[in-house]
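Here are my notes on the model, point by point. Please read them with the structure open.

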Amino acid sequence: MSGTGFAKQRAGELSSQASEIAALRQVVRGEVVAPGDVAYDQARRVWNGMIDRRPGAVVYCAGSDDVVAAVKFARSRSLLVAVRAGGHNIGGASVCDGGLVIDLSRMKQIEVDPIRRTARAQAGLNLGEFDTATQAHGLATTMGVNADTGIAGLTLGGGFGKLGRKYGLSCDNLISAEIATAEGRLLRVSATEHADLFWAIRGGGGNFGIVTTFEYRLFAVGPTLLAGSISHPYDRARDAMRFYQAFASSAPDELSLDAALATTPSGERVFNISCCYVGPIEQGERVLKPLRAYGAPIQDQIAPRAYVEIQSAGDAIFPRGRRYYWKAQFLRELSDPAIDVLLTHYANAPSGSLLVLQHVGGAIARVPIAETPYANRDALYDCFPISIWDDPEEDAAHILWARELWDAMRPFSTGGVYANNLGEEGTERVEAAYGENYPRLLALKNKYDPTNFFRLNQNIKPMAAC
Ligand SMILES: Cc1cc2nc3c(=O)[nH]c(=O)nc-3n(C[C@H](O)[C@H](O)[C@H](O)COP(=O)(O)OP(=O)(O)OC[C@H]3O[C@@H](n4cnc5c(N)ncnc54)[C@H](O)[C@@H]3O)c2cc1C
């Protein structure tokens, strides 16, 4: 560790000496929360209740200047740094033990330009806040399905959601960004300014710096779309899943069809399809006719709904603070043997578990692979078992179930994984997320962050750090 007087600290740790915390408070405008402060326990929490880490301090940045100051402060003391926006990373990468958490969650300005159809959004906004601000002008861009997720982590790793098949990933709709580099420089990046760094942040995650502001392209959406879910009983799930595969693989770009094996509050297992038609309601009704006419669903809740309501439909399932585990992989199709594996494993799922199929493809698949770091564009589904529980005693059983299902599905996988759905799974899995784009990302990591200052992420390890 550089500096003096901290010989007993482990590398990367922030000294809890009052003078160090005072020094940090002096260089930033935002609040600094340290061990012993009333707000500390709340400040160290992230979405996943499994994560229980104790940072040396959390700095709630008030603006880009604070982000730069925090980077310089951490750098001068060789501190371990975690970067947090919405706090949703499944493995808890946005909080650390001992080091400094640079938190963006209070940076929530957004300016929507309805004429140019763009939005400049600070990195602390969550999806619900972003969608509400853009929908006030009848506009939107692709964001995920849980209103509480941060736009920052989501966009930097790719970003798919109900609009993705029609308009591409969140990162595909990024026009420019402002980013604080590992050296503490604040850069504007776009197709014409630091174009290599702009390429890297459209899928390469938090490896290259801290993005303080994103500028997005927007589209006319809603405000009302035809959306909702339809469920089939478990004993008819096999046929319903085969129908789903045929329907989803020939769906127009306007239609997104996420699906899940789930358990109702009364304990009944079901196969659920959650659809959203991004276009006129009457057209959606025509396109969705075969889905609604198929079989004998036990419920059909498809109806015209406000886009912001559709975007928060999953919120009740994923509240902050419960214990979560998932492991994801991409599929190109849902073959009959794959359906059998899913049904057999889900039949033994612990209560509260889900098997999710997130529908991708469409416009996402038509962007050339080299255009952005996000490489798994040929996939049709992101497939992942999700365990949700509360009792720490049940950790092992829940994690084991999800891992076993993931293992059993490996033969059907493309081999690729979505960077944003990775926990702490090692370099090989990060390479699987980036495929042929990995070498270019590595070269850019060597250029922009050779000391691996930004390492708590889906880490692309620079040569000097190997
Ligand atoms: C309930 C739930 C629903 C989800 N639904 C979707 C979905 O529909 N579509 C989808 O694509 N993904 C989805 N995800 C995955 C989501 O994209 C990732 O978890 C993402 O990392 C969340 O971003 P965050 O800002 O909330 O996370 P954080 O935990 O705050 O950040 C995650 C990582 O991103 C990096 N990071 C965050 N902010 C910045 C920044 N400003 N600058 C640089 N690096 C930064 C850091 O490396 C950090 O460790 C979902 C996750 C959850 C938990």
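1. Terms and source. Helices (H or I, at least four residues) and strands (E, at least two) are DSSP runs, numbered from the N terminus. Residue numbers start from 1 along each chain as its sequence is written. This is a predicted model, in which local features need pLDDT of at least 70 and side-chain atom pairs count only at pLDDT 80 or more, while totals for chains, interfaces and linings use all residues.

2. Two loop residues with positive phi. R117 sits in the loop between β5 (110-113) and β6 (118-122). Its phi is near 55°, a positive value in a residue other than glycine. H194 sits in the loop between β9 (186-190) and α7 (195-200). The phi of H194 is near 45°, again positive in a residue other than glycine. Most residues other than glycine have a negative phi, and most peptide bonds are trans.

3. Buried or exposed? Burial is scored by counting other C-beta atoms, placed from the backbone, within 10 Å of a residue's own: 20 or more is buried, 12 or fewer is exposed, and anything in between is partly exposed. R117 has 16 C-beta neighbours inside 10 Å, so R117 counts as partly exposed. H194 has 18 such neighbours and therefore also counts as partly exposed.

4. A cis peptide. The bond from G222 to P223 is cis, with omega near 10°. P223 belongs to the loop between β11 (219-220) and β12 (224-233).

5. Domains. The protein is divided into domain 1 (18-103), domain 2 (110-221) and domain 3 (224-421). These bounds come from an automatic or database domain assignment. The centres of domain 1 and domain 3, taken over C-alpha atoms, are 34 Å apart. Five residues from domain 1 and seven residues from domain 3 make the contact. Two residues are in contact if their C-beta atoms, placed from the backbone, lie within 7 Å. On the side of domain 1 that touches domain 3, three residues are nonpolar, two are polar and none is charged. Here Ala, Val, Leu, Ile, Met, Phe, Trp, Tyr, Cys and Pro count as nonpolar, Asp, Glu, Lys and Arg as charged, and the others, Gly among them, as polar.

6. The ligand shell. How many residues surround the ligand? There are 34, and the closest are G86, G144, G150, G153 and G206. By class, the shell has 15 nonpolar, 18 polar and one charged residues. β3 (81-84), α5 (151-157) and β10 (210-217) each supply at least two residues. The largest share, five residues, comes from α5. Domain 1 and domain 2 both give residues to the shell, so the ligand lies between them.

7. Helix α13. This helix covers residues 395-409. Its 15 residues should span 21 Å at 1.5 Å a residue, and its end C-alpha atoms are 22 Å apart, which agrees. The expected span is 1.5 Å times one less than the number of residues. H398, A402, L405 and M409 are the buried residues of α13. They cover an arc of only 65° around the axis, so they are on the same side of α13. The arc is that of the directions from the helix axis to the C-beta atoms. A396, A397 and D407 are exposed on the other side of α13. The buried residues of α13 pack against β17 (323-326), β18 (329-331), α11 (336-347), β19 (354-359) and β20 (381-389).

8. In α15 (residues 438-448), L441, L444, K445 and Y448 are buried. They cover an arc of only 105° around the axis, which puts them on the same side of α15. The buried residues of α15 pack against α7 and α14 (427-434). D449 lies in the segment after α15. D449 is buried, with 22 other C-beta atoms within 10 Å. Not counting residues up to four places away in sequence, D449 touches A182, N207, F208, F454 and P462.

9. Helix α3. This helix (residues 64-76) has 13 residues and reaches 18 Å from its first C-alpha to its last, close to the 18 Å expected at 1.5 Å a residue. The buried residues of α3 include V67, V71 and F73. S78 follows α3, and its phi is positive, near 50°.

Notes
A residue is near a molecule or strand if its C-beta atom, placed from the backbone, lies within 6 Å of it.
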